[in-house]
Amino acid sequence: MIEVTCNDRLGKKVKVKCEPDDTIGDFKKLLAAQIGTSPEKIVLKKWYTTFKDHITLGDYEIGNGSSVELYYS
Amino acid sequence: MANDNVEEISIEETNALRAKLGLKPLRVTAPPPPPPTESTAKSAAKTDSGDGESISIEETNRLRIAMGLKPLKTETTSSKVDEDDNSFDAQERRAAENWKKHQEDEERKKRRLEIKEKLRKGQERAERERKLEGKGLADESDDDDAKAWIKGAKKRQKKALAQIEKDLREREEEEARLRKDYTSKDLAGLKVGHDLGELGETIDGTVLTLKDSEILGGDDEGDELENAGLVERSKLKERLDLKKRKPDYNPYGDDEDADGEILSKYDDEIDPNKKRKFFVLDDSGSMAAPPPKSIQRQQAISEKLKKIPISLDIMKPAGEEQSDYIDPSTIKVKKPKKKKARTQRRVAEEDDDIFLPEDVAINGSSNAGGAMDIDSTAETKPKKVFEQSFVDDEDLSAALTIQRRAALKKQKALKPEELAKKLREEAADDMKVDEEEAPGLVIDETTEFVGSLQLPVHTERRPQAAAVKTEVKPEPDSPGADSEGDVAMGSTDFGRSVSPQAEVKKEAPAEITSTGLEEEVTIGVGVGSMLSMLRQRNLVDTAMDPESHQKMQEKEAFLAKQRVAKAEADTKARAARERDRKSGKFDKMSAREKEEYARYENKMRDTQEARESAARFKDYKPDVKIEHKDEYGRTMNQKEAFKYLSHQFHGKGSGKQKTEKKLKKIEDDKKRMAASSLNPEGLVGTIADTAKKSRTAGVRLM
């Protein structure tokens, strides 16, 4: 289990517990459930890299304690 | 702290969420953040998570399982590593293990290599440092006996000699094997890419080299020899031939290399080697059988013979003997003798005697001679022989034939000298065969034209006598002059030796002569005939109106009168002076008075004369004709005169080109005059002139 911090810099910072072999899509669903938005509206980025839904967190080397930028489309 | 407002849910909640989403529950590795509180209480977990929404792992797992997700992994589960675990952690772990194993392998390999290297180094060093074995130079040898050493030395020497000999023999053998004798036998069957004739008489000294051939292509042909110089020469010749652009159209088709091919000039030379000649060397290094020597030579000779054109037009080739005409410079005009008619006749008879049999003989001699004979009679180009006058056509033709024959003989004798030398080797019959082959008959436009012109030749006059006449200009006021023409005229009663001129005279009234050309006017005695000749030749203006003639007569009369009057006046004055002297008038006068008197008399005479002349000039009508002459003495017409004056006035002549043109015109005029006055044939006879005079396009020939 890892905990990933998502920050949208608008006053919301969420820690999400997940697995490294979860896909970004799954992660988005988790995140969406946690913050109460629909997962389709969530865009995750790290700098200028937008994470794609079908790739796992582990592949993006998102580990325990990493933070991800959270945007809303 | 930093995570004041960090929203976070507990693992349990997360797991529930995950379960709802269809995800496997989180794997909690011995609840990481709170390992110590892991087993103590589920509430501890709740307190630990910031928002207190975390649930215990067991719960989460249960939840997860209930939701269909796989349970979170805990330390307990991860402890027993099942191989078929495909989870991320397991993979990671395996990867790490692999990595470690790989590293270890590498390490081990490296170490082994190092050890090997060390070993090798050690061995090498041992090798290096090993002591050299055997005897040194300074070491004592086994045979310390001098005698033994000498014996050994002898043996050694023998051995060395044998070795050297053997080496030498071996080397020689090797060389011999490599350098097999290359004799003429090796040349057998080699092709030489030249005609035997090309090599010529220098055949002994020529150096033949192997010809370049294609590496891939030349499969059927073996090696070929050639002489570089000859090849070069033939190439050059070919090039020059190409440069010499031959006329495409050959109306008679008598080109020898035409071969009857159609439009052969467009033919591509597909295989240049096909046409090339060659011969093959045999065992002895000479030419082999294919073209036997004798036959080849024979062929060459016959070819040469064929190539000598025996043209029937004998007039053309150079050489004085050949010409039917004698060079004008060599002509000596004999002073005519008194008894010319007689001698002439005799000569003619003699000529008959001499020439006729010869003629027969010639006709019998060979085909070529016969053809020649025919030709010579066909074209009766007149011959000027002054000593003899040929009365008959037969005589003439016979004489001509002899002359030509002599010329031909001379020509022939010159050329085939070396040819004959070759022929001597051949059998006589070959020669005969060659000679009997018909030579080419050359008929060109001129001969054809002449042939058609002279068809009714035997009934015709011969222009020769006339020609003679114009050449020998008779003095008009010496009636006794017996030039050729005159004699002929006089001797009309002689049956046989009737001069052709006389015949002409008889025929003269015919309007159109047999040649279609105008008859020539002979110059008889006096200026009149000369004038008429000149007039006929357009050299003198024929348009003389009677009025001008009358004027001229008047003028002449006037001048005569003037002369007479003057003479009369002179005599009168002289008579007067004489009278005065005789009368003794002067005796009483002083010198001065005498002078006075003479002056007075002169004056009186002058006035008298003037009065008379005035009377004479009363009916004088001067015929004014302004004539301008240029620097060459030619009369200029109005236009030319104007130009000339203009140039004089402005001090500037016409340009170079115009001047040249003018000069050329003058030259042409002069030439024309000279030609028509001096040419014995007289241009009167030319077709062009006649046509011009009669103002028709052509001349009717009969």
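Biologist: Is Ser654(B) buried, partly exposed or exposed, and why?

Modeller: This is a predicted model, so take everything here as computed. Ser654(B) comes out partly exposed, because 14 other C-beta atoms lie within 10 Å; being buried would take 20 or more, and exposed means 12 or fewer.

Biologist: Where does Ser654(B) sit?

Modeller: Ser654(B) is in a loop of chain B, between α22 (638-650) and α23 (656-678).

Biologist: And what does Ser654(B) touch, leaving out residues up to four places away in sequence?

Modeller: With those left out, Ser654(B) touches His647(B) and Thr659(B).

Biologist: How far is Ser654(B) from Tyr644(B) in space?

Modeller: The C-alpha to C-alpha distance is 9.5 Å, and the two are ten residues apart in sequence.

Biologist: OK, zooming out. How many helices and strands does chain B have?

Modeller: Chain B has 24 helices and seven strands. It runs to 702 residues, and 12% of those count as buried.

Biologist: Of the chain B contacts between residues at least 6 apart in sequence, what share joins residues at least 24 apart?

Modeller: That share is 65% in chain B.

Biologist: Switching to chain A. What's the pattern along the sequence?

Modeller: Chain A reads β-β-α-β-β-β, which gives one helix and five strands. Of its 73 residues, 40% are buried.

Biologist: And what's the share of contacts at least 24 apart there, counting those at least 6 apart in sequence?

Modeller: For chain A it's 56%.

Biologist: So how do the two chains meet? How many residues are in contact?

Modeller: On the chain B side 19 residues are in contact with 20 residues of chain A. Two elements of chain B give two or more residues to that side, β1 (6-8) and α1 (11-21). The largest share comes from α1(B), with five residues.

Biologist: Which strand of chain A does β1(B) pair with?

Modeller: With β2 (residues 13-18) of chain A, in the parallel sense and over three bridges. Along that pairing, Val14(A) stands opposite Glu7(B).

Biologist: What about the largest nonpolar core? Which residues have the most contacts inside it?

Modeller: That core has 25 residues, and those with the most contacts inside it are Val4(A), Cys6(A), Val16(A), Cys18(A), Phe27(A) and Leu31(A). Both chains contribute: the elements giving two or more residues are β1 (2-7), β2, α1 (24-35), β3 (42-46) and β5 (67-72) of chain A, plus α1 and α3 (57-67) of chain B.

Biologist: Let's pick Phe27(A). What does it touch, again skipping residues up to four places away?

Modeller: Phe27(A) touches Val16(A), Cys18(A), Asp22(A) and Leu57(A). Val16(A) and Cys18(A) are also on that list of core residues with the most contacts.

Conventions. Residues numbered from 1 in each chain as written. Chains lettered and ligands numbered in written order. Predicted model: local features only at pLDDT ≥ 70, side-chain atom pairs only at ≥ 80, totals over all residues. Helix = DSSP H or I, 4+ residues; strand = E, 2+ residues; numbered from the N terminus. Contact = placed C-beta atoms within 7 Å. Pairing = 2+ DSSP bridges. Core = buried A, V, L, I, M, F, W, Y, C linked by C-beta atoms within 7 Å.
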